[in-house]
Amino acid sequence: MSLFKARDWWSTVLGEKEEFDQGCLCLADVDNMGSGQDKIIVGSYMGYLRIFNPHPVKSGDGTQAEDLLLEVHLRDPILQVEVGKFVSGTEMLHLAVLHSRKLCVYSVSGTLGNVEHGNQYQIKLMYEHNLQRTACNMTYGSFGGIKGRDLICIQSVDGMLMVFEQESYAFGRFLPGSLLPGPLAYSARTDSFITVSSCRQVESYRYQVLAFATDADKRQETEQPKLGSGKRLVVDWTLNIGEQALDICIVSFNQLASSVFVLGERNFFGLKDNGQILFMKKLDYSPSCFLPYCSVSEGTINTLIGNHNNMLRIYQDVTLKWATQLPHVPIAVRVGCLHDLKGVIVTLSDDGHLQCSYLGTDPSLFQAPKVESRELNYDELDTELKELQKIIKDVNKSQGAWPMTERDDLKVSALVSPEFDSVSQAADAEMGTDLVPSVTVKVTLQSRVALQKAKLSVYVQPPLVLTCDQFTFEFMAPEMTRTVAFSVYLKGSYAPPELEGNAVVSYYRPTGIPRVIQCKFRLPLKLICQPGQPSKTASHKLTIDTNKPPVSLLCLFPGFVHQSEDDQVNVIGFHFLGGSRVTLLASKTSQRYRIQSEQFEDLWLITNELIIRLQEYFEKQGIKDFACSFSGSVPLQEYFELIDHHFELRINGEKLEELLSERAVQFRAIQRRLLTRFKDKTPAPLQHLDTLLDGTYKQVIALADAVEENQDNVSQSFARLRSATRLVILLIGLWQKLSADQVAILEAAFLPLQQGAQELGWEETVDAALSHLLKTCLSKSSKEQALNLGSQLNTPKDTSRLKKHITLLCDRLAKGGRLCLSTDAAAPPTMVMPGGCAPIPESDLEERSVEQDSAELFTNHKHLIAETPVPEVSPLQGVSE
């Protein structure tokens, strides 16, 4: 027996497959022997009533035949057993048994036996009350201050208190706002009933208020409770504990003071009888039962608290004094005097394990044997280690890190509504007077097996926002389908870098392994822009070439143009909700499309949407060899301007935060000076410290506002930079005809961050990724591949190095460089690609000259197509406006 196990004094197992609860155990001198010895009364949900009087020969003995005084089958389930003065005309103790629809009071008596079998015990029914309402629990006491007898109060499942004055029914009252019944206790000192309502607050009702309130039942000829509704009662006091209570106990020190103890699901509360909190103890386990009792130390309370880890803890107020291990989970605990042994702890489990134990320790008599020392053979150990490592390596190669299942445990699908919400959910959109639309997205989860704690998180790109982005499912049964809906709308004066959303579900498999599954959905273009007037002139233009005849824009963008007579629309205007405009032109004679706008980053969404819709259109036609290309110069100069603007805002933010820190230090120093002056008994002149304090305070507020404004500007600039980055990646992929894997490598290098951060910024992260590509798969020689990059990323002084690396990346891709993740890729052969490219420099001087040539090659953004003589009204040959 280990040091902290409860010392077993007597134990037994009750019946077979019977169920018990916290009200099924009671200790009292139920047979009125007057010897001060308690008997154990146990009732079960199967209707069995048992009374025990343990007499073990030695500690740890099991039950003997003579220990069981009485066993009776009462047919109805027993909810609770109590012992008190329940019969009029006598102060003898009687047994009250609560059934779901009946209250029975018995007398327990024993007769001396004339044979060796011992005494004989029997019960006699004194009276019973049939209940019209289903009972939940009961309490008893000298209600109203009467002497020499106990009254019984029963709480029904619908919140009605029924008071019985022994053989007669007194009255019934409904608790106000009752939804579910809670634990019930009676305080004799304040003559009040205390319970915990479904609102998770402790409530106290005085007996006198209950007695003089309107009767809840309309009794006519009988005294039995009838169905009815009563007047709302006035509560004496309430206390919100924020959780459901498991049990309530009231302990009285003397006639002048008593305490109310409440056991919650995660906390243990001690209250005065007027509702004030004495203490609160947070429990780091899940409790199952408790029993407070007066301590030997004056003014303190000892409490036994059982939990679902088979532990019984003893507290003195909130201090843990002892912890002991039990062989079962206790759902009821009592302390009594059994066989002249005081302080015996009696515990009962929900499956009928009844144990009497006491606290104490046994010394450990075990001594570890001496281990014979031997020399280690390191060669054998090394050989065994290599064999084990080989086995682990083979297993990882054959099975993989994550074993795959034939079918997914969870299937996630998303459906975007084709129409806007009838009532827009964009209540806080920042668009001025224009009405911002919202669209509903429904995500459906279909589980194949039972899942626990499934959490759905939805992500969209700012400034798109969601009405709700987190959903939790505590339990999903097999083949269960759950659907959630939320709305998406634009909140901001700029366009998002993507229209794609992501729904991620994290859950635990039945084996306890965490899993993550995701589902992507695409939002409609009309959510962020509206049909607008086409513009003939623009600062930024792009031309996309295709290998198929031009398609009418009416077929590609049916929601943005009105149907004309010839069904051939070759120009469309888009008006973003933020204010910018984009024009799309389709050539009538050539296989080209032009996108133009005043803002460079606004070209991305329309260009990407055009390519996606062209691919979908030709797939529906059964054409599989459709392809797009880009033959112009990559507009790096406009891209570099956005990079410089974003970096400038980052540097400005660092300066503002540093200045704010200095002003905050100055503000605290002035406060200390003023406090010292004010505390001085002989006050000296302030010497304008108050004026300086006021001025510093205004500077701190102004700088804080400036920091917030700059953070908003950085977020907006980062969104524009992401849009421009995606456009550049798209153009490079079309220009060099890169595969999907190569485009994915570019996206991983250029878009490593979902959100900009002050500590780890986009510029240094992208620069490190591009340096890695230039020194590995795009390197000029094996000497460059041997170079190691620095492991620490710091904020750069400027963006010149980053812009140089972006230019070199385009140069080497133009010369036929191949993007791959393998580090041993050989230098690719030199290839001349469309658009014209300069040779890769072999020295620093040559690299400087190439930078100048590259600037001429990639910054000619005003002329992305060859100039040809065209009519004055058309900037693109063959395009009619």
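Strand β4 (residues 48-52) is mostly covered, with four of its five residues buried (under 20% relative accessible area, 1.4 Å probe, protein chains only). This is a predicted model, where local features need pLDDT of at least 70, side-chain atom pairs count only at pLDDT 80 or more, and totals for chains, interfaces and linings use all residues. Residues are numbered from 1 along each chain as its sequence is written, and side-chain values use heavy atoms, leaving out hydrogens and water.

**Strands around β4**

- Strands are DSSP runs of E, at least two residues long, and helices are runs of H or I, at least four; both are numbered from the N terminus.
- β4 pairs with strand β3 (residues 39-43) in the antiparallel sense, over four bridges (pairing requires at least two DSSP bridges).
- Ile40 stands opposite Phe52 of β4.
- Four residues lie between the strands in the β3-β4 hairpin, where Gly47 takes a positive phi near 95°.
- β4 also pairs with strand β6 (residues 68-73), antiparallel over five bridges.
- Tyr48 has His73 in β6 as its bridge partner.

**Helices α5 and α6**

- Helix α5 (residues 636-679) packs with helix α6 (residues 689-736) at about 160°, axes 8 Å apart (axes are fitted to C-alpha atoms over the stretch in contact; angles run from 0 to 180 degrees between N-to-C directions).
- That angle makes α5 roughly antiparallel to α6 (over 145 degrees).
- The contact of α5 with α6 has 26 nonpolar, 13 polar and seven charged residues (Ala, Val, Leu, Ile, Met, Phe, Trp, Tyr, Cys and Pro are nonpolar; Asp, Glu, Lys and Arg are charged; the others, Gly among them, are polar).

Definitions and conventions:
Parallel < 35°, antiparallel > 145°, perpendicular 65-115°, else oblique. Buried < 20%, exposed > 50% of the residue type's maximum accessible area, 1.4 Å probe, protein only.
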